[in-house]
Amino acid sequence: MTRSGLTDEEIRNEVTQWLDENWSSDRSLIEWRNILVDGGWAAPHWPEEYFGRGFTTDQAAAVTAVFNEKGAVGAAQVGPRRLASETILACGSDDQKRRYLRPILTGEHTWCQLFSEPGSGSDLAGASTRAELHHGKWILNGQKVWNTSAHHADFGILLARSDWDLPKHQGLSYFLLNMRQPGVEVRPLKQMNGHQSFNEVFLANAEVPAEDLIGGEGNGWAVATTTLSFERRGFGRRPTGGGIQGPKKGRVYEELKAELAIATEPYTWYPQREGRVDLVLPRARETGAIKDPAIRQEIARLIGMSTGAALASASVEAKRMAGTTEIIPAGSIGKLAASVIARQASHVHTMIAGADAMLSGAESAEQGTIAEILISVPAISIAGGTDEIQRNIISERVLGMPKGHRSDRGPFRDIKRNVS
Amino acid sequence: MTRSGLTDEEIRNEVTQWLDENWSSDRSLIEWRNILVDGGWAAPHWPEEYFGRGFTTDQAAAVTAVFNEKGAVGAAQVGPRRLASETILACGSDDQKRRYLRPILTGEHTWCQLFSEPGSGSDLAGASTRAELHHGKWILNGQKVWNTSAHHADFGILLARSDWDLPKHQGLSYFLLNMRQPGVEVRPLKQMNGHQSFNEVFLANAEVPAEDLIGGEGNGWAVATTTLSFERRGFGRRPTGGGIQGPKKGRVYEELKAELAIATEPYTWYPQREGRVDLVLPRARETGAIKDPAIRQEIARLIGMSTGAALASASVEAKRMAGTTEIIPAGSIGKLAASVIARQASHVHTMIAGADAMLSGAESAEQGTIAEILISVPAISIAGGTDEIQRNIISERVLGMPKGHRSDRGPFRDIKRNVS
Amino acid sequence: MQAEFSKEQQLFRQVVARALKDNSPSSAVRDLMASDRGYDPAVWQQLCGEVGLGGIHIPEAYGGTGFGLIELGIVAEEMGRTLYCGPFFASPVMAGLALLNAATEVQKEALLPGIASGSTLATLVLDDLNDPDQAGRSTQASDHGRLTGTAGIVVDAHVADLLIVVAKTRDGRGLYAVDRHAPGVSIDSLEVLDPTRKLSRVILDSAPGEKVGEVSDEALHRIWDQMCVALAHEMIGGAQHLLESTVEYTKVRVQFGRPIGSFQALKHRCADLLMELELARAVVHHAARCLDADEGEPYAASMAKAMASETYMNAAKAGIQLRGGIGFTWEDDTHLWFKRAKSSEVFLGTPHLHRERMMTVVEGL
Amino acid sequence: MQAEFSKEQQLFRQVVARALKDNSPSSAVRDLMASDRGYDPAVWQQLCGEVGLGGIHIPEAYGGTGFGLIELGIVAEEMGRTLYCGPFFASPVMAGLALLNAATEVQKEALLPGIASGSTLATLVLDDLNDPDQAGRSTQASDHGRLTGTAGIVVDAHVADLLIVVAKTRDGRGLYAVDRHAPGVSIDSLEVLDPTRKLSRVILDSAPGEKVGEVSDEALHRIWDQMCVALAHEMIGGAQHLLESTVEYTKVRVQFGRPIGSFQALKHRCADLLMELELARAVVHHAARCLDADEGEPYAASMAKAMASETYMNAAKAGIQLRGGIGFTWEDDTHLWFKRAKSSEVFLGTPHLHRERMMTVVEGL
């Protein structure tokens with residue numbers, strides 16, 4: 001028996017019956033998702049007051065299973081959009097939940113995350129974007145960076161400094177920013193691997209109505225850590241083709257494909273930044289490098305690490321399902337391992353390719369994939385928290401080693417920071 | 001032309017003539033060395049007021065060359081004894097130089113170094129051995145450790161705290177301690193490799209006459225850094241058989257052999273802690289391991305590192321002769337490299353030996369030398385300044401990276417320290 | 001295939017850990033490593049009797065508890081943690097696994113119960129501890145079961161009653177049981193790098209042996225895999241102890257006015273160690289499950305041995321380095337684990353040999 | 001054998017450094033890497049003319065300055081530091097060294113002066129850039145000097161006037177001069193990982209070549225060694241730039257209220273890099289002296305190439321990592337050196353191939 005008192009069997013029956021009555025692939029995507037939300041199946045793990053049914057993770061999984069069997073399309077909940085909805089759900093006012101959650105589920109609104117700044121990368125709480133209240137409106141000035149999908153986002157979750165005299169973690173506030181306004185300029189940011197997956201966002205007197213401050217003035221850091229915890233749990237994970245395996249006919253699928261094409265575009269090189277361990281053995285066999293004893297040693301090391309990481313994260317996943325607390329450290333260990341594995345994979349790909357690694361593009365090894373690996377792997381140990389930050393977290397939170405001296409106490413305006 | 005105005009040729013002639021008139025291997029060692037000191041050839045690079053001739057390094061080298069050709073025995077200047085004499089020469093009073101230098105040269109007095117403490121290893125300036133002045137005598141209480149040759153030393157150079165209210169570097173004083181007194185107890189200290197190269201020295205109301213404070217009260221750290229600079233320049237380097245190559249007859253040689261046997265005893269395993277790179281290729285050939293491609297890779301790495309280190313230190317040595325200043329950093333880089341090389345050598349020896357590395361003693365590989373390498377190498381990255389300390393020195397003094405926050409400012413008695 | 005430890009297995013680990021904590025403090029380890037015998041018979045009897053450690057992986061039909069490599073691994077892991085000195089690895093693990101995989105039914109019934117109960121101390125005489133394919137190379141069995149040859153390194157032979165010998169026969173390899181006191185058997189204790197594991201040289205000069213089974217290449221590799229997995233568990237147990245004790249030390253040791261554990265260089269080194277250990281531990285536990293279930297990666301054992309060896313050595317080096325001079329003293333305990341780490345690294349194949357062995361399998365997949 | 005740089009050589013380095021500082025700022029590098037040609041002819045003419053970089057290692061008899069590999073190394077090192085984009089490595093280094101070691105007197109007199117003056121742009125067409133013993137493998141020369149074959153990667157062939165080709169002949173290997181515009185010669189520009197070094201595929205379809213000399217195995221290995229030493233100099237120059245620029249960045253970049261260069265983890269990483277660079281630099285400079293004096297370790301060149309490659313890559317990885325997200329942007333210059341480091345690592349043999357090549361020599365000693 002579960003909270004809402006339904007067994008998986010009962011759920012399956014109910015969902016199946018509802019889909020039989022309502023699901024059709026000839027509807028428009030928005031139309032269908034509105035039916036979905038009204039039916040209460042868009043986010044069954046959400047509370048009943050807000051489009052959900054208060055289901056447990058397991059119950060929700062049962063629902064998803066039936067949707068997949070039927071090939072029925074679910075709610076739009078991928079990428080930053082999902083971080084926004086979970087944060088609003090956790091910290092938002094009743095009014096904010098009513099206004100923002102539904103269009104996220106239906107896919108009418110896309111969102112982006114506006115946390116990092118040129119001056120504060122590892123040190124997120126050092127944000128120095130200014131938020132000042134002028135007759136009932138928050139006026140925002142500053143620059144954000146690493147903003148995935150910002151160029152086509154309708155709204156952004158934004159961290160800014162509303163008080164410069166408080167200590168750095170206490171002077172922050174968290175806003176829901178309408179991106180469609182003159183004060184917001186979005187510029188694409190090109191990476192060393194040639195992709196433009198991110199943006200810079202410039203705020204010049206951008207406005208946020210008082211009611212779109214979330215979590216209360218000065219509570220920005222608490223709200224931000226909520227968002228980050230979802231991100232660490234992989235909620236922000238890049239979108240997958242979920243729901244449209246195989247060739248399916250119907251308007252709703254066409255529109256979903258289009259939606260996903262936009263949503264997945266920034267992430268096309270992410271598998272490469274992880275080193276593509278899957279390509280190592282095939283490449284080693286086809287090139288004959290698998291006969292090279294020095295390369296064999298490195299491949300064996302790589303297989304060992306990646307097997308260990310896969311097993312360890314599976315067991316963490318299991319523990320999490322069983323409801324453990326130590327999610328963040330486990331995440332940090334896994335993230336650190338991912339860096340080591342990606343670098344080793346890149347090293348092995350280099351040994352295998354030899355002089356061919358001087359080339360790139362369609363004519364080069366694996367149609368350019370190998371070259372893309374070699375110049376994308378440096379991102380894995382930086383994005384989403386550098387290796388150094390992960391090691392700090394592991395040593396302090398898991399091993400309980402003492403913190404060093406902090407140089408960022410006292411009023412924020414007195415703390416040494418980058419001059420931009 | 002040189003400072004004292006003599007050419008190498010003139011020096012060679014003078015030394016040769018003097019040796020022809022005075023050198024005889026039938027004298028007792030002490031008798032001969034007294035003649036040597038009176039003749040002014042015991043330490044020709046020392047000032048003329050103190051048994052020397054104010055020669056330059058090159059001039060002194062010319063003297064040594066002639067001594068070696070003739071097989072004539074030189075002054076006793078090996079090990080800690082030499083650190084003491086150079087320190088006294090640099091910082092001592094006229095009276096101290098008169099009293100202590102001669103018996104060091106003649107070998108009548110042996111010395112030891114009393115700096116490290118159980119509570120202050122990397123943090124030498126954190127010494128907490130107490131020095132208190134009572135009617136004209138310094139009374140010393142505390143414990144020292146890692147004291148080579150202390151068990152047969154007549155005197156010790158000692159760092160102790162004479163003022164607990166001053167900042168840690170300012171409250172230290174430096175003493176010349178007579179080891180032959182009831183307040184001084186020496187206990188041997190056994191290492192993980194089974195050797196007992198060091199001692200612990202316990203001071204219980206040990207006494208030092210006021211005139212044996214050196215460099216002035218509160219100037220202990222300045223004097224200590226002088227000693228350390230000599231140590232870093234290799235002055236404290238383990239004694240070699242210098243002067244008695246080959247089988248030589250005569251009483252003086254017998255007595256010198258005995259002196260060296262005692263002096264070198266603590267250092268017998270030092271070549272092993274450096275990894276014995278010289279044994280790697282012979283071992284690889286005789287075991288056939290040189291055919292193992294994985295081992296070949298590691299041997300090649302080792303040869304590369306050790307060749308690089310040898311070349312780099314040779315060029316530093318050359319620069320030093322040319323009178324450069326950046327001795328300490330170069331020393332730190334070399335010391336750090338020595339650690340990496342020793343660990344790699346130990347790794348390669350392990351790969352070569354395979355299961356035989358489970359054994360030790362006379363019946364094992366290289367009559368136990370390989371086993372001794374494997375359990376001695378951990379010392380190389382600790383003794384004389386840990387790798388971590390070397391990296392601090394390199395990053396701050398060579399690369400000019402900013403120092404971190406210090407937690408050991410203010411009166412020493414208020415600084416957090418180990419409770420012994 | 002099992003993915004996590006069951007409640008029962010977790011409970012069993014606690015029982016074993018407690019028994020070893022009580023019976024194998026470092027003071028005991030130091031006494032035993034200094035002794036000739038190298039173990040305490042009373043303690044061993046107790047561990048076999050009360051906790052049943054001698055036969056944990058031996059079927060009940062042969063007097064054991066009938067568990068598998070997972071449970072054997074739990075015991076080895078806890079023993080590695082405390083550096084328990086005793087005939088566990090020689091008798092139940094090495095000799096026991098050899099008999100379980102290669103002996104005839106009759107011989108299992110005859111020999112395993114004594115090993116399980118601890119009343120018999122057996123050991124496995126292998127004349128090559130680097131490469132299974134070389135085993136038996138220099139030990140010849142005559143048609144009448146007379147054994148001649150030398151095994152350079154045999155664990156705990158100095159206290160063994162029963163020698164289980166792998167020898168070359170006319171048509172392959174055979175497994176032989178030899179009475180330690182039989183004529184033609186000479187056993188010389190050797191000086192060792194790791195004094196907590198006693199080793200001897202065993203010389204057989206046409207010593208009478210009873211053939212207890214055939215040893216096919218496949219059986220030999222299975223025995224080798226199982227021994228490696230047990231050893232790998234011992235190693236991660238030791239690595240775990242080193243990481244814990246080292247981290248604790250850095251929290252209390254003060255230099256420059258602060259605990260050295262607050263220096264980022266030390267923190268990051270410990271964080272890297274933990275990560276490495278997590279990966280190795282996952283692979284080692286997985287390897288035991290693979291062998292028990294006869295599923296998963298066929299190279300899991302070599303992968304586990306290689307990773308556990310490097311993790312243990314890295315933890316041992318850090319254990320000494322982070323303690324500074326104190327860590328290099330005889331008085332400090334760290335070197336006891338360092339020496340066990342070093343000798344385990346080369347025992348049953350160095351990491352690079354296991355990576356090569358692993359790739360031979362991978363290549364064939 | 002010379003142990004240190006002479007006063008003259010130190011002075012020469014300063015001259016080269018100044019010329020490149022003026023002519024190869026990163027703005028110029030970015031413009032050129034985006035262009036098809038990839039270099040600025042005026043700058044190249046100036047460097048050959050005023051500074052004489054085109055013929056630094058070419059004897060005066062052939063229009064050069066008559067210095068050796070030490071001076072060639074100085075030039076390469078400074079070019080690596082500034083990432084100079086130009087035909088230096090293709091023409092004077094690769095083609096030049098091939099001719100110096102294998103061409104007849106007449107041909108040297110005919111071909112080297114143009115290379116030295118910069119009026120001729122030559123390149124070396126080698127059909128294998130991993131292993132010298134494979135060179136010429138897939139390029140066949142007919143008895144009438146018709147060349148047929150494909151070289152997958154040739155440096156700066158897209159702007160070369162003259163192709164120096166290593167081809168298989170009836171009785172060994174020959175060195176051939178081919179006019180870039182001759183019939184049967186096709187050159188396709190390739191997409192590259194490092195845009196500061198342009199590469200092409202050269203296909204020869206019975207193209208007319210003039211035989212300029214024989215290429216013995218010994219000559220081929222000497223050419224390979226000399227090219228590797230020049231490349232190794234370029235790499236340590238690049239590594240030096242990365243270390244310096246990264247250290248400077250950590251001094252000004254602030255996070256958590258302090259310059260990130262004050263964090264011990266970053267300090268120690270930079271210290272380790274400096275140590276590694278010092279060793280590599282010593283070996284690389286030594287290798288040039290060995291080859292000039294024909295003394296010292298016969299494996300010095302491979303040792304230098306292997307060490308310089310790993311040092312450069314480590315400096316490049318640190319250069320990006322220590323800059324965090326900024327280091328991964330196109331706007332920041334670090335990736336330019338990162339890509340040069342990566343392509344140089346595999347150019348003329350990966351580190352592990354050079355270690356193996358080195359050990360083949362060591363084993364024979």
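**Helices, cores and contacts**

In helix α2 of chain A (residues 29-39), the buried residues are A:Leu29, A:Trp32, A:Arg33 and A:Leu36. They cover an arc of only 95° around the axis, which puts them on the same side of α2(A). Before I continue, please note that this is a predicted model: local features need pLDDT of at least 70, side-chain atom pairs count only at pLDDT 80 or more, and totals for chains, interfaces and linings use all residues. Residues are numbered from 1 along each chain as its sequence is written, while chains are lettered from A and ligands numbered from 1 in the order in which they are written.

Let me state the terms used so far. A residue is buried if 20 or more other C-beta atoms lie within 10 Å of its own, exposed if 12 or fewer, and partly exposed in between, with C-beta atoms placed from the backbone. Helices (H or I, at least four residues) and strands (E, at least two) are DSSP runs, numbered from the N terminus. The arc is that of the directions from the helix axis to the C-beta atoms.

Against what do the buried residues of α2(A) pack? Their partners are α5 (94-106) and α7 (251-264) of chain A, where two residues are in contact if their C-beta atoms, placed from the backbone, lie within 7 Å. Just after α2(A), A:Gly40 adopts a positive phi of about 85°.

I turn to chain C. Helix α1 of chain C (residues 7-23) has 17 residues and should span 24 Å at 1.5 Å a residue; its end C-alpha atoms are 25 Å apart, which agrees. The expected span is 1.5 Å times one less than the number of residues in the helix. Which residues of α1(C) are buried? They are C:Phe12, C:Val16, C:Ala19 and C:Leu20. These cover an arc of only 95° around the axis, which puts them on the same side of α1(C). The other side of α1(C) has exposed residues, namely C:Lys7, C:Gln10, C:Leu11, C:Gln14, C:Arg18, C:Lys21 and C:Asp22. The buried residues of α1(C) pack against α3 (41-49) and α4 (69-82) of chain C.

In chain D, the buried residues of α1(D) are D:Phe12, D:Val16, D:Ala19 and D:Leu20. They cover an arc of only 95° around the axis, which puts them on the same side of α1(D). They pack against α3 (41-49) and α4 (69-82) of chain D.

Further along chain C, C:Gly319 is found in helix α9 (residues 300-321). Is C:Gly319 buried or exposed? C:Gly319 is buried, because 28 other C-beta atoms lie within 10 Å. Leaving aside neighbours within four places in sequence, C:Gly319 is in contact with C:Leu242, C:Thr246, C:Gly327, C:Thr334, C:Trp337 and C:Phe338. Between C:Gly319 and C:His144, 175 residues apart along the chain, the C-alpha atoms are separated by 52 Å.

In chain B, B:Ala310 lies in helix α10 (residues 293-321). With 18 C-beta neighbours inside 10 Å, B:Ala310 counts as partly exposed. B:Ala310 and B:Gly334 are 24 residues apart in sequence, and 9.0 Å apart in space from C-alpha to C-alpha.

Next, the cores. A nonpolar core is a set of buried Ala, Val, Leu, Ile, Met, Phe, Trp, Tyr and Cys residues joined through C-beta atoms within 7 Å. The largest has 366 residues, and those with the most contacts inside it are C:Ala287, C:Ala304, D:Ala287 and D:Ala304. Apart from it lies another core, of 62 residues, among them B:Ala84, B:Leu114, B:Ala127 and B:Ala160.

Finally, the contacts between chains. How many residues does the contact between chains A and D take from each? It takes 37 residues from chain A and 34 residues from chain D. On the side of chain A that touches chain D, the elements giving two or more residues are α11 (327-353) and α12 (369-376) of chain A. By class, that side has 17 nonpolar, 13 polar and seven charged residues. Here Ala, Val, Leu, Ile, Met, Phe, Trp, Tyr, Cys and Pro count as nonpolar, Asp, Glu, Lys and Arg as charged, and the others, Gly among them, as polar.

Thank you for your attention.
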